[in-house]
Each structure stands twice: as C-alpha cells, then as structure tokens.
Amino acid sequence: MFAIASMNGLVIGAIYALSALGVSLVVGIMNVVNFAHGEFYILAGYFSFLFASTFGMNVVVAMILSITLVFVFGLMVEYTLIRPTYGDDLYSLILTFILSIVLQNAYLLIFGPYPNKPPGWVKGATNVFGLFFYGNQRLAALVAGICVIAVVFAMIKLTWFGRIVRATSQDREMAELNGVDTTRLNMLSFGLGCALAAAAGVILAPVFPVTPTAGVPVALTAFVVVVLGGMGSMWGCVIGGLTLGLVENLGAAYLSTGYKHVFGFVILILVLAIRPSGLFGHKDA
Amino acid sequence: MKRYRNKFIYGAGLVLFAILPWTLGVYNQHVLIVCLFYTMMAASWNLLAGYTGQISFGHAAFAGIGAYASGILAVKAGLHPWVGVIAGTGLAALFGLLVGMLCLRMGGIYLSLTTLGFSEILHIVINNEYEITRGTMGLQVPGLMVDYSKLAYFYIFLAATLFTLVVVYKLVHSNAGLNFRAVQNDERAASALGVDVVRVRLLAFTVSSGLAGLAGALYGHYMLLITPHIPSLDQQFLVLSMTVIGGLGSFVGPVIGAFCLEILSEYIRAWGEYHVLVFGLIALIVARFAPKGLVGIYKARWGKSRPAAA
C-alpha cells in the first residue's frame, strides 16, 4: 500500500509541478495570479478529447494541437483582459476569477456535466520492481510530465529567451533599461503559463477524466505548490509539487480519502505560519 | 439646506421601501428579502475589496460558517436561533481574524489564495461530515420566530441590512477608514506615516467576515434549509459580480448591484444554467471597460465636479 500510494503521489506530483510551473512563471514576470489556470488545464483536456475521440485524430497530434490552441487562447486573454490592468493587481485577480467562472459554465453548456476522457496512449500494466502492477498509462503520464518539466527547465536556464525571463522576474526595470520589451514578454509568458496548464491537462486527462469543474482542485493545488515552493522559484515548484502529491496520496491511503485535498491546505497553513516566503523563496518576497 | 434635503430624500426612500412589501405578493416579498441578503454580502465584501484593496474569495465561506454554526447550534444543542445568529456572526469574525493573521502580512495575493483554499476546505468538511451537516442533503433548521411570516423576515433583513450599511459607513468615514484608503492608495507611504498596514487590513477583514457571517446566519434561518450552496464559489462569484457591476469602492454601488442582479436573475431564471454564464460575461465586460461599475458610469456622465462623497 505504501509503495502504490507513493507511486500515485509521484505521478500526480509531477503533474502538480508542471501546472505550478505555469502559475509560477506568470507570477514571477507579471505579479499576476491567474485564477483561471485550472480552466485552461480543463480546456486542453476537452480539446484533446474532441480532436482524438470525436474527430479521430492521432493522439499525439491532438495533444500538440490542443496545447497550441490553449497557448493562443492564453495570448488572447492576456491581450484583451490582463493588459489593461497592468499595475493594478486587484483587477487582474477579479478578472481572472470571473473568467474562471465564465469558462466553467461555458464548458458545462458545451460539453455537459459528464466526465469526458480522451483515449489512452498505451494499454496494459507493468510490474514495478516486482512490487505491484501499475497502469502503463499512468507510467506514461509520469514520463511525459518529467520530459515537459525538463524542457521547461532547459528553456529557462539555457536559452536566450530564458535569460530574458529570468532577468525580468529579478528586476523588471533593469530588464527594461536593457531593452527587453516587457509588454510582449508579459503576453508571451502568460500564454506559456496557460500552455503549461494545457500540457498538464492533456497528460492527465486520459487518467483523470475532465469535467467542467475538475480544474478547481488542480489549480488550487498548483497555488499551494507555488506558495510552498516560494513565489517565482522553479525548483520550489518541482519539490513542492512532488511533496504535495506524496502527502495527498499517503494521507488518502492512511488517514482519510474524503479529506485528500485538505492535506494540501494544511501544508499551506503551516507554510504561512512558519515560513511564509516558502521553501526556496526570498525573505523579502 | 442641501444636506437636509438629501437626508429627507434618503429617509423618504427608506420609508417607501419599508412599506413596499405590503403591496406585493409572497413571491416578490421573497425576492426583496434575497435582495437584502445580497446587499449585506456585497456591502461587507466591498468594505474589504473596495476600501482596502484586498480580494477575499472566502466571503461566501464566512457566510456559510455563520449559517452552519447557527443552524447546528439550533438543531443539535437546541439553542434559540437568535443566540445562534450571534454565535455564528462571532465565529465568522473569529475565523476571519485567524485567516487574516495567517496571511495578511504577506500582502494581497496571499489573502486571495488562502481564502480560496479556505473556502475549498470548508466545502470538503461540510460534504464529509454529513452526520452533522447533512452534506448536500442540506440541514433543516428552525425559523427565527414561531409563526413563519415573510413580512417579519423582511423587517429583520431590513434592520440587519441597515446595521451592515451603518457599520460600513461609520468605519469608512472614521479615522480607520482614512487609513483603509491610505493603505490602498500607497502601502509604503501609509506605513511611513505610521499606519500599521497589517492591523488596518486585519480590522477590515475581520469586520467584513463577521458581517458575512451575520448575513449567512439570517439567510439560513430564513430559508429553513442550509445547503453547501451558501458557502460555494458560485455564491462568491455572485457577490463579487454584484459589487463590481454596482461599483467597487463606492458606498451605494453594492446596493445597486445587489438589487439589479438579483432581480435580473429572477427574470432570467427560466434560462436555468445559462444565468451564471450571462452574469459572468456582463461582469467581465463591466470590470474590463468600466472598472468603477454603474456608479462610475453615472458619475462620469452626470456627476458634477464636487468632492467625492464616498
């Protein structure tokens, strides 16, 4: 039981990390928390369901197309809704919260309240270390999640674009003085944040089917991970995501399944009480 | 002279409003009572969001705490509902104080995140502890008086609404209110002038949560059934849209917003699920293009250039 709960925690933790990276990127650059993060996650799940199951596309093509569409949608949202609120955090919170409710109800209208599930990528189960049999789809999700996280890290740490991102989140004005077009960067990073939510969505949708409100707990967990790891810290997201995934699943296995999502908030409360800047955050953040 | 004229107009309007339900049927009386409930919710949320610039997503959750605390005390402990209402209000304020102490020193975004999490925890607890709360079935509670009468409830809600509005008005126009706005306008400047920023926010958040608890407790005893819908995010969203559409940071804005949206929602009830979507789109457009809401539009169009009377 310990082994299988840990394995579940690892899989879901990788996805939490991925989803939290998207939140963290946007917080770091724009100081905006996107409360509709979970709805972008769900949107990607619906898209991949639509393309793969209804239109019969190849699974990989459907996934890439879904992420691209959500990325474009994110760019549009930034341009129309977030851009006018620069410098006014209050309104970006209000607008993204309203957007999340609008999207939830739009999904309800379009797709109905039923869970939808895109087809799996692989079938069968594998014997893990001779301990237990584990669904191949979940293992594939774990591998895919780790790959996407690695790509994000490589992009932020190694490329020129990543250098701009890091510079801007460290000191916005200095970056501007050095010729960074921060307005365009805002738009791009918001879109990328949404695309990371979308990546988490398409990876997890074959395991956990999407419903109109299934994004809420995922987004909430991503927020907890970001606070736990420290706002704007990338390693914080990875460590925080895995921690939260493990705590939730071990807690569900040994304490109570009904309270699965509460354990994350207990962590949030502890972090705020003991070390509000998070594991990897700066003291003054 | 003008001051007295205004007072006379407000007083006359209030008297007219107070005799209005005598001319209406039971259904319209119900709509008025729900309007008053939302006025309380929106006005107290506005105290926090509009005057100190902190966004709480747990306002409906605090109303839920008031409702469930009062309801459970009445059903399980057999206390008189009025005692429960007071206890519910106090408990909501206490939870507000605790949550506020936890996250307000970290600034804006943390309060929004924590209250959202808090509201989710409450939702999970209510659904899991169904032996006490009856979960999604809803908890049946006794009414505030022996003989159920819409008119009596109307006057109770009217009194509670006036109480809420007076508290908000007095607070905003007191020294503390000046501090609220100072903190909202420029946190650092206010802090440099000796305003204890955290304490100011904590005061606003605690009072606002307590008032939400009062509204929730009364609402529960009016509906006679407390369901997890009271502390839901949908409810939170309604309160938020009412304030934003009416006018964030203005005194009459939330009142106007609450009445407009509640009456509108009765008209489009036939559309069922669509009505949240419609409200969302309206709220999105208003928040994007007219961030000061209906009151802001009115002022920009017809308002004379005189010092803002809040």
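Start with B:His221. Apart from its neighbours within four places in sequence, this residue is in contact with B:Ser70, B:Pro81, B:Val85, B:Val141, B:Gly143 and B:Leu144. The model is predicted, and every value in this text is computed from it.

Where along chain B does B:His221 sit? B:His221 belongs to helix H10 of chain B, which covers residues 197–223. Is B:His221 buried or exposed? A residue is called buried when 20 or more other C-beta atoms lie within 10 Å of its own. B:His221 has 25 C-beta neighbours inside 10 Å, and therefore it counts as buried. The chain also brings B:His221 together with a residue from elsewhere in the sequence: B:Gly71 is 150 residues away along the chain, yet the two C-alpha atoms are separated by 7.4 Å.

The next step is chain B as a whole. Chain B contains 14 helices and 2 strands. Of its 310 residues, 49% count as buried. Among contacts in chain B with a separation of 6 or more, 76% are between residues 24 or more positions apart. Along the principal axes, the C-alpha atoms of chain B fill a box of roughly 55 × 50 × 35 Å. The radius of gyration of chain B is 19 Å, and this agrees with a compact globule because a globule of 310 residues would have a value near 19 Å.

How confident is the predictor about chain B, and which of its elements have the lowest and highest scores? The average pLDDT of chain B is 81, and 95% of the residues score at least 70. Among the elements of chain B, the lowest mean pLDDT, 74, belongs to helix H6 (residues 130–133), and the highest, 88, belongs to helix H3 (residues 59–76).

Now turn to chain A. Chain A has 11 helices and 2 strands. Along the sequence, these elements follow the pattern α-α-α-α-β-β-α-α-α-α-α-α-α. Buried residues make up 52% of the 285 residues in chain A. Of the contacts in chain A between residues at least 6 apart in sequence, 75% join residues at least 24 apart. The C-alpha atoms of chain A fill a box of roughly 55 × 45 × 35 Å along the principal axes. Chain A has a radius of gyration of 18 Å, which agrees with a compact globule, because 285 residues in that form would give a value near 19 Å.

One pair of helices in chain A shows how its elements pack. Helix H1 (residues 2–30) of chain A and helix H10 (residues 234–254) of chain A meet at an angle of about 145°, and their axes are 7 Å apart. The crossing of H1(A) and H10(A) is right-handed. Their contact is made of 16 nonpolar, 9 polar and 1 charged residues.

Finally, consider how the two chains meet. The contact takes 31 residues from chain B and 32 residues from chain A. On the side of chain B that touches chain A, the elements giving two or more residues are helix H4 (81–103), helix H5 (108–128), helix H11 (233–246) and helix H13 (274–289) of chain B. Which of these gives the largest share? H5(B) does, with 11 residues. By class, the residues on this side of chain B divide into 20 nonpolar, 8 polar and 3 charged. For the model, the scores are ipTM 0.82 and pTM 0.85.

Key. Residues numbered from 1 in each chain as written. Chains lettered and ligands numbered in written order. Predicted model: local features only at pLDDT ≥ 70, side-chain atom pairs only at ≥ 80, totals over all residues. Helix = DSSP H or I, 4+ residues; strand = E, 2+ residues; numbered from the N terminus. Rg over C-alpha atoms; globule rule 2.2 N^0.38 Å. Buried ≥ 20, exposed ≤ 12 C-beta atoms within 10 Å, placed from the backbone. Contact = placed C-beta atoms within 7 Å. Axes fitted to C-alpha atoms, helices over the stretch in contact; angles between N-to-C directions. Left-handed = near helix turned anticlockwise from the far one by under 90°. Nonpolar A, V, L, I, M, F, W, Y, C, P; charged D, E, K, R; others polar. pLDDT = per-residue confidence, 0-100.
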